[in-house]
Amino acid sequence: MADQEIEEAVSRALEDAPPRNFRETVDLAINLRDLDLNDPSNRVDESIVLPEGTGQETSIVVFADGETAVRAEEVADDVLDGDDLADLGDDDDAAKDLAEDTDFFIAEEAMMQDIGRYLGTVLGPRGKMPDPLGPDDDVQEVVERLKNSVQLRSGDRRTFHTRVGAEDMSAEDIADNIDVILRRLHADLEKGPLNIDNVFVKTTMGPAVEVA
């Protein structure tokens, strides 16, 4: 359970958000300090499962053949086989559109080398290379887990953002999601909390409220 200060900050962000004619996401802005982000080993780049879900649809594409592809079709937004992959390799615009429209990619391990060859220059710089799916992995379980996941990625910038919910979720649930993210960062950063300058929460179009 998140501490009261996080929940109060989320409540203020939700209350201060002006009415909109669309369902807004709730985002977290994290500002780092005392890290050399030119060194890739200091950058934040990982996927985190949110305990209360993202509150939004998450687009997942699976590269697979055979039985894995059949099972993936029940849960993924799209399933692409080896021929589809080769076609994308010949159509740079289609590959870029797919990368922009997809939150996560999953691929059978046997296809990873071809994905690197055909799509590495498109997916790599966007941080969207697929999660490899081993022979013993259940593709449906992996897809369901990723549907509740967000990607934390700082790149070489001190400030980065991630989704933590939607405006119609409770402040308590959103605060629990934020708490999980902050705990992970505290554990992973070189100096833990000392590497975090400040953190803000806001709806898509609303004002930012400081969390920490």
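Thr203 has a relative accessibility of 2% and therefore counts as buried, since the cut-off for burial is under 20% relative accessible area. The model examined here is a predicted one. Within that model, Thr203 belongs to strand 9, which covers residues 196-203. Leaving aside residues up to four places away in sequence, Thr203 touches Ala13, Leu14, Ala17, Glu24, Thr25 and Val26. The side chain of Thr203 also approaches the backbone of Gly206. One of its polar atoms lies 3.1 Å from the backbone nitrogen of Gly206.

Asp16 sits in helix 1, which runs over residues 4-16. Its relative accessible area is 44%, so Asp16 is partly exposed. Asp16 and Ala208 are 192 residues apart along the chain, yet their C-alpha atoms are separated by 9.1 Å. With residues up to four places away in sequence set aside, Asp16 touches Pro207 and Val209.

Asp34 was examined for its backbone. This residue lies in the loop between strand 1 (25-32) and strand 2 (45-49). Asp34 is not a glycine, but its phi is positive, at about 55 degrees. Most residues other than glycine have a negative phi. Asp34 is also exposed, because its relative accessible area is 56% and the limit for that class is over 50%.

The whole chain was then considered. The protein chain contains seven helices and ten strands. Its radius of gyration is 19 Å, close to the 17 Å that the globule rule gives for 212 residues, so the chain is as compact as a globular protein of that length. Along the principal axes, the C-alpha trace spans about 50 × 40 × 35 Å. Of the 212 residues in the protein chain, 44% are buried.

The protein chain carries 53 negative and 20 positive side chains. The centres of these two sets lie 7 Å apart.

Conventions: Residues numbered from 1 in each chain as written. Predicted model: local features only at pLDDT ≥ 70, side-chain atom pairs only at ≥ 80, totals over all residues. Heavy atoms only, no water. Helix = DSSP H or I, 4+ residues; strand = E, 2+ residues; numbered from the N terminus. Rg over C-alpha atoms; globule rule 2.2 N^0.38 Å. Buried < 20%, exposed > 50% of the residue type's maximum accessible area, 1.4 Å probe, protein only. Lys, Arg positive; Asp, Glu negative; His and termini not counted. Charge placed at Lys NZ, Arg CZ, Asp CG, Glu CD. Polar contact = N/O pair within 3.5 Å; in protein donor to acceptor, adjacent residues only side chain to side chain. Contact = heavy atoms within 4.5 Å.
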